[in-house]
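Colleague: Could you take me through this model one question at a time, keeping to what can be computed from it?

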Amino acid sequence: MQEDPAFVLCIENNAIRDQALLLIESIRAFAGRYRGAEILAIAPRPGLGIDDDTRTRLERLGATYYEAPLNTHGPQYAPANRVYAAAWAAETTAASTLIVLDSDTLFFDEPELLGAHLDAAARPVDVKGSTTAGPGDEFEPHWQALGRLAGFPIEGLPLVETTIDRAKVRASYNGGYSVVRRETGILQRSADIFTRSVSADIRPYKKRAGFRTYASTGFVPDLSAQYWGSSQAAFSIAAWSTTRRFRTLDRRYNLPLHSLVEERHWSDEWAGIAPVHVHCHWMLNLEHRARTIELLGRLGVPPDRLDWLTARRPP
C-alpha cells in the first residue's frame, strides 16, 4: 500500500507562529521522501489569524494556510486546537495518512508511516500526569467518565510505560506527534469525545485547587490547566475504541527535550539514538539554545542538522 501523507499543525498570531514556521522548515529540509508532502497550517481560534507577512512565508514554504473558528468549545485550552484542526484536516485533505503535530516540535530525519497493517501510531505521554494506573488511581473516575461518553470501557485500553517517569498507565499518548490513517475516523471521533467532555464539564484537575502547569509559551491559564491532558485522553480512547491496529512508536519520535536536558532524567540509553522528531517545548528560547544544541549532539543529531538549527533565529 502506497501512503500519501500530509502534515497537520496549528499556527496563530501569538508565540506559536515562529515555532510553527521553524517546524515547517524542518519538514522541508529533513523529512526525506516526504519533504515535499502537503502541509496544512491551521489557525483554529477566532481572532488569532496570522498576518500577511507570515502568510507569504507559508506560501514560500509550500504550506496551505486555513483560518476558521474550529475550536469554539475549548478555546481557553490551547491543545484543543490540535484536536479540532486534525478533525478538520481529516475531512478536507485527500491524503491517506495524517501526521498530526504540536507546533513546538522539529524533524531531523524521515518519518516512518503506517504501512499496510496499522491504523495509528503515537508515543506514550512523558510523565504520568492525569493518566490513570487503574482502579484506585486519583484520575480513574475521570477516565471512566470519558469512556462512558465514548461508549468504550476503559479496561480495553492497554497498559503503556510513560517515557520519562516510566509509570505503567492505561494508554495515553502525547499529542506532539501522532500518525493516523485518515479513513478510520479516529481524528473526528477524538474531537467529538473532547467536545462532549467539555459539555459535560469533565476536567481531570477540576477538584485540585490552584493546579498550574507550564507549557512551551509559559504558564497556562487556570481553566486551561484544569483540562490538561484531556485532549490526549480523548485521542487515546478514540483510537482504541476504533482499532487494535495501533503501534507505540519508539523513543526517536516526540523526544522530550525539556525533560532530557535535566541530568536526573538523562541516561546513556538516550545517547546516539538519532531522533527523527523532537518536542522542543521552551528549549529553543534564546536562554536555552546552547544547552539544546549540546543535548541534540549527545542524542546523535547529525552536525549538518545542528548547523541548520544554530543558523535559525530563535522562535
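Colleague: Is Arg82 buried or exposed?

Modeller: The relative accessibility of Arg82 is 12%, and a residue is called buried under 20% relative accessible area, exposed over 50% and partly exposed in between, with a 1.4 Å probe and protein chains only. This is a predicted model, in which local features need pLDDT of at least 70, side-chain atom pairs count only at pLDDT 80 or more, and totals for chains, interfaces and linings use all residues. Residues are numbered from 1 along each chain as its sequence is written, and side-chain values use heavy atoms, with hydrogens and water left out. With its 12%, Arg82 therefore counts as buried.

Colleague: Which residues does Arg82 touch, not counting those up to four places away in sequence?

Modeller: Arg82 is found in helix α3, where helices (H or I, at least four residues) and strands (E, at least two) are DSSP runs numbered from the N terminus. Contact means heavy atoms within 4.5 Å. On that basis, and leaving out residues up to four places away in sequence, Arg82 touches Cys10, Val100, Leu101, Asp102, Gly175, Ser231 and Gln232.

Colleague: How many Å apart are the end C-alpha atoms of helix α5?

Modeller: The expected span of a helix is 1.5 Å times one less than its number of residues. Helix α5 covers residues 186-199, so its 14 residues should span 20 Å. The model agrees with that expectation, the distance between the end C-alpha atoms being 20 Å.

Colleague: What covers the buried residues of α5?

Modeller: The buried residues of α5 are Ile186, Leu187, Ser190, Ala191, Ile193, Phe194, Thr195, Ser197 and Val198. Their cover includes the strands β4 (97-101), β6 (120-124) and β9 (173-181), and also the helices α3 (79-92), α4 (140-150) and α7 (230-240).

Colleague: At roughly what angle do the axes of α3 and α5 cross?

Modeller: Two packed helices are described by the angle between their axes and the distance between the axes. Here axes are lines fitted to C-alpha atoms, for helices over the stretch in contact, and angles run from 0 to 180 degrees between N-to-C directions. The axes of α3 and α5 come within 8 Å and cross at roughly 140 degrees. The pair is therefore oblique, as angles under 35 degrees count as roughly parallel, over 145 as roughly antiparallel, 65 to 115 as roughly perpendicular and the rest as oblique, and the angle asked for is roughly 140 degrees.

Colleague: Is the crossing of α5 and α7 left-handed or right-handed?

Modeller: The two helices pack at an angle of about 130 degrees, with their axes 8 Å apart, which makes α5 oblique to α7. Residues that meet across this pair include Ile186, Arg189 and Ile193 in α5 and Ala234, Phe235 and Ala238 in α7. A crossing is left-handed if the near helix is turned anticlockwise from the far one by less than a right angle, and right-handed if clockwise. The crossing of α5 and α7 is right-handed.

Colleague: Which residue just after α5 takes a positive phi?

Modeller: Most residues other than glycine have a negative phi, and most peptide bonds are trans. Just after α5, a positive phi of about 55 degrees is taken by Asp201.

Colleague: What is the phi of His281, and is the residue buried or exposed?

Modeller: His281 lies in the loop between β14 and α9 (289-299). Its phi is positive, near 55 degrees, although the residue is not a glycine. Because its relative accessible area is 15%, His281 is buried. In short, the phi is near 55 degrees, and His281 is buried.
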